[in-house]
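Please look at the sequence and the model below before reading on. The paragraphs that follow lead through selected parts of both chains.

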Amino acid sequence: MEAFVRMTAVAAPLVRANIDTDIIIPSREMKSVSKTGLKDGLFAGWRYTAVGGRDPKPDFVLNQPEYAGVGILLAGENVGCGSSREHAVWALHEYGFRAVIAPSFNPIFYNNCVRNGLCPVILPADVVAAIAAQVEADPANAKVTVDLEAQKVTAPDGSEYGFTLNNEEDRIALLNGYDAVDLTLLHKDAIDAFIASDQGQRPWVYL
Amino acid sequence: MTTPNPSPSTLFDKLWAQHLVHSNDAGVGLIAIDRVFLHERTGGIALKSLRAAGRQVADPARVFGTMDHIVDTHVGRNDDTRMPGGREFIVQTREAAKAEGVTIFDIGDKRQGIVHVVSPEQGIVLPGLTVVCPDSHTCTQGAMGALAWGIGSTEAEHALATRTLRINRPKTMRIIVNGVLGTGVTAKDLALTLLARHGSRGGQGHIVEFAGTAIEALEIEARLTLCNMGAELGCFSTIIAPDEKTFAYLEGRPYAPKGEVWDQAVAFWRTLKTDDGATFDKEIVLDASEVGPMITWGTSPQQAISIDGIVPYADEASAEIHQRAITYMDVTAGQPVEGLKIGSAFIGSCTNSRLSDLRRAAAILKGRKVADGVRAICVPGSGLVKEAAEAEGLDKVFIEAGFEWREPGCSMCFFAGGESFGAKERVVSSTNRNFESRQGPETRTHIASPEVVAASAIAGCLADPRKLAA
């Protein structure tokens, strides 16, 4: 996994509640058994004029030239709700996003972010709204910094806001790009011992 | 005199302790995973990536797969799908499962169907087990007293390779529902009522245990419906303590234990309940008599109202999102939902496609006809549900009423690029999500119980089944 330490980038304001994973990547845009080839399908329903088409809707944020080079998504409450499809995160990452700032996250989407080098940042709704307002005033220049090492977001006006991830382990994994399977297999002996003991306790579990 | 339990535990506390392999200072538990279920939409990629990373499925006997999300549901189907590229998902999932020695319920196997229908039906999910699937509605299976939750594909790879997951311990919530649900009022209506009151983040950060006399009174299939909708509450998962109904449902199922092990298992499962005096981080109490038939009016499951209610007016805090939903759904604040003309009706999905759902819908449809111009579709949840329904003649009731009677799968619960109800088409649906374009680009979805769907199909507009029966 690609590490995330800090990023200063253009931020895209899409501060609506309940942006679901069908919106982030419609099912019809998941065309192959692959984690790649998804960026063109990102927000397809909002981004293009016709279903399956590629003619941009000019008013959609990512189609505006000032948002070229975008790296941070500003979203509303409960971002990533709905389907567990990790393709939503793969599509965001492939497009160039490395952080999502929102007042709250769907739990599966949150984990999918952490496992794919996308930093999930929870900030209060009024702070997200304030950052979005600054960005909208001057999208190309009003850059936002997400610093996972220092655990703070710097708004375009220089205001700083602290944040924490759900747990320190996720932060260390993201900072270092650790693969969670590798970390877990360090405990392989403990897992084997657990299962050996559990087979006696709950034999019906083991088929 | 009995001595009070010095350290009463919730059901979740017990399951957490029973599965904890290792914990660290960060509040993360390494939790043993007892079952992994996969489907062709998100499971095939997990198996493929696992292999690409040079890893293997550690214990394939405890991993299962089914074809549900992309598979065609028309009679006479094969690997071809109406979704462009869909065939590849099916073929690659099948091949990857075969290579790893994973049992798969494939097209042509009557056990095939929607993962959360198949798993209880086969006795794969059992009380007290940890069950994961790269599917957000895995919480459905919590109705069996299992700790079951949805994950992403990368987490699925982790579970397959290590037989564990690293879990941030959730907080606990109990939703107590006492009293009696009225005639024609279902678990779906209860779930939509909870969503309307507590919102799509109402369960966030929590494992939700449903309890109370109204929950105990629910049959297993109704409990599965209720827990299914937990995904829309944003919670970690939902669970219901197993009881005699659970054991009776599971006894004799293909993957359930047999003989002495069955007896041993049941004795253990009887301990899987929240102790008296255990405390939850949050508790909600609801009286079942307050619940009536519900329907969604907007584009989030929380935008639900009574079928005899009106589209609400916006409050200041949600004005923008409210207006967006009003516009998308082509409704007006203050307008009654009953009587809104529909173009389509759908009965199916992991929420409401089990035998009891089909029976209740058929009871309404019997001797009646779907209104002119309404396209109506019924998709049984599994091949075994379909077979059982046909043995009772339910297929004839649906077909004679004017419904299409399909092969099992997720079908038009969501739009995968093939079949759609059509742009701006108003659909009443027994599914779980009414998101924008969920059932097809610009499709307008109203979610409700199978009873409301059946009554609406006949009326040609959103309708209250209680009035039809009268």
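**An enclosed helix in chain B**

Helix α6 of chain B is largely enclosed by the rest of the structure, because 9 of its 12 residues are buried. The model discussed here is a predicted one.

After α6(B) comes B:G199, which has a positive phi, near 80°.

**A parallel sheet in chain B**

Chain B also contains an open sheet of 5 strands, arranged in the order β17-β16-β15-β18-β19 with parallel pairing. The edges are formed by β17 (403–405) and β19 (444–447) of chain B; each has a single partner strand, so one side of each is left without a neighbour in the sheet. On average, neighbouring strands of this sheet are turned by 20° against each other, direction ignored. One of the pairings joins strand β16 (residues 375–378) of chain B to β17(B), in the parallel sense and over 3 bridges. Within β17(B), the residue standing opposite B:C378 is B:W405.

**A mixed sheet in chain A**

Turning to chain A, the reader finds an open sheet of 7 strands in the order β4-β3-β2-β1-β5-β6-β7, and here the pairing is mixed. Which strands stand at the edges? They are β4 (119–122) and β7 (160–162) of chain A, and because each has a single partner strand, one side of each is left without a neighbour in the sheet. The twist from one strand to the next averages 30°. In general, strands of a sheet pair through backbone hydrogen bonds, either parallel or antiparallel.

Strand β5 (residues 144–147) of chain A illustrates the antiparallel case. It is joined to strand β1 (residues 6–14) of chain A by 4 bridges, and the bridge partner of A:A9 in β5(A) is A:V144. Strand β5(A) also pairs in the antiparallel sense with strand β6 (residues 152–154) of chain A, over 3 bridges. In β6(A), A:V153 is the bridge partner of A:V146, while A:K152 is that of A:D147. The hairpin of β5(A) and β6(A) has 4 residues between the strands, and in this hairpin A:Q151 takes a positive phi near 55°.

The domain assignment divides chain A into domain 1 (6–176) and domain 2 (178–207). Their C-alpha centres lie 35 Å apart. Residue A:A193 is placed in helix α8 (residues 188–201) of chain A. Is A:A193 buried or exposed? It counts as exposed, because it has 12 C-beta neighbours inside 10 Å. A separation of 56 Å lies between the C-alpha atoms of A:A193 and A:Q64, which are 129 residues apart along the chain.

Notes: Residues are numbered from 1 along each chain as its sequence is written. Chains are lettered from A and ligands numbered from 1 in the order in which they are written. This is a predicted model: local features need pLDDT of at least 70, side-chain atom pairs count only at pLDDT 80 or more; totals for chains, interfaces and linings use all residues. Domain bounds come from an automatic or database domain assignment. Two strands pair if DSSP finds at least two bridges between them. Helices (H or I, at least four residues) and strands (E, at least two) are DSSP runs, numbered from the N terminus. Axes are lines fitted to C-alpha atoms, for helices over the stretch in contact, and angles run from 0 to 180 degrees between N-to-C directions. A residue is buried if 20 or more other C-beta atoms lie within 10 Å of its own, exposed if 12 or fewer, and partly exposed in between; C-beta atoms are placed from the backbone.
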